[in-house]
Amino acid sequence: MTYPYTNEKLRIIAEQFLTRLKTCSDNKSLEALDIEFLGRHGIIAKLMEELKTLSLEEKRTLGPEINLLKKDLQASLLEKKSALTQQEAAAHAERQKLFDVTAYQPGELFGSLHPATHVVQEIEDVLMSMGFEILDGPEIETEEINFEALNIPKNHPARDMQDTFWLTLPQLLLRTHTSSVEIHAMRSRQPPFAIASAGRTYRHEATDACHDFVFMQCEGLLIDKKVSLSHLFATTKLFLQGIFKKEQIEIRIRPSYFPFVEPGIEIDMSCPFCAKGCSVCKKSNWIEICGAGMVHPHVLRAGGINPEEYSGFAFGFGLTRLIMMKYGINDIRYLHSNKLEFLKQF
Ligand code: FA5
């Protein structure tokens, strides 16, 4: 700082500034001081304004001194700023020395697997232990594989059972069931074989407590010589016992129709959510969990397999419904809700 100023007023301003500067301990207080003294409406700016009203003689002596004062204040501010920055860096380095990495407790930040992932892993374990090969199938399918090869020709009324999301690209759709994987499997391997595939399926449907427009299915297909319905019953029973981890599973088997199997059946499980009927089971006490049957000869042929030599069974479990029943989730829509209160329970 250039001392002393010949002008008393400037000398006082300089002293006040220096006293205040000493008390500044961070950048925020420095900035405030900067604005007060050197800002557009600050003390120096006012001095300049006043200068305009003085005589030429006074202007000649005071003008350069005000400029000098301004430069001094700016230089002092800069000096203090760099001292503060150095101090902060030193304090930070000191804190770093004391940082204890072993004190970090990441446990509370862990997420957990989604119930769907849990069940898919369990299902795959159960099916692999029974000798099934696990396959993945595309979710975007051709009309030929999703419908025609499965004995559902164009204009067949069975297409209405699976209201379809069509893509704008010709003959492509979002698969309506995992049965499409059966065709991929048959066309790429020789019997005997057993495959299973779990994944998402899509239907243009209104949603309710047990229907979603995106839901998961788990397909199973076994092709060999002399396969019968009793093999299908035994396999699905073992499958359910493995998933629910208990011997006694209350199910009922009904005859049903799917164009790709003959005969066809459906399996229902007793509703775990009610005694007398609720919105999940539509007051029937039973929840439909699976469609299944003996693979239709037309489908075997479409897959390149001779139906005179081989037979097979197929099943398609409503995987999302199994998840609901396993964990007691009484509304299918929770599974896509992304609500943390819901997900934290698993
Ligand atoms: C089929 O999708 C057949 N592909 C199943 C099949 C496979 C039959 C192999 C024969 C041989 P279905 O449309 O019934 O069938 O669906 C199978 C299961 O998926 C149903 O039993 C049900 O548990 C579940 N499901 C069907 N629609 C929905 C939906 N909108 N939301 C949730 N789950 C559904």
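The protein chain carries 11 helices and nine strands, taken as DSSP runs (H or I of at least four residues for helices, E of at least two for strands) and numbered from the N terminus. This is a predicted model, in which local features need pLDDT of at least 70 and side-chain atom pairs count only at pLDDT 80 or more, while totals for chains, interfaces and linings use all residues. Residues are numbered from 1 along each chain as its sequence is written, and side-chain values use heavy atoms, with hydrogens and water left out.

As for overall shape, the protein chain has a radius of gyration of 39 Å, whereas a compact globule of 346 residues would come in near 20 Å (C-alpha atoms; the globule rule is 2.2 Å times the number of residues to the power 0.38). Its C-alpha trace spans about 120 × 50 × 45 Å along the principal axes. Some 41% of the 346 residues are buried, that is, under 20% relative accessible area with a 1.4 Å probe, protein chains only. Of the contacts (heavy atoms within 4.5 Å) with a separation of 6 or more, 66% link residues 24 or more positions apart.

Now to strand 8 (residues 286-295): eight of its 10 residues are buried, so this strand is largely enclosed by the rest of the structure. Strand 8 runs antiparallel to strand 7 (residues 261-270), with eight bridges joining the two; pairing requires at least two DSSP bridges. Here glycine 291 of strand 8 sits opposite glutamate 266. Strand 9 (residues 311-318) is also antiparallel to strand 8, through five bridges, and its phenylalanine 313 is the bridge partner of methionine 294.

Note on methods: Buried < 20%, exposed > 50% of the residue type's maximum accessible area, 1.4 Å probe, protein only.
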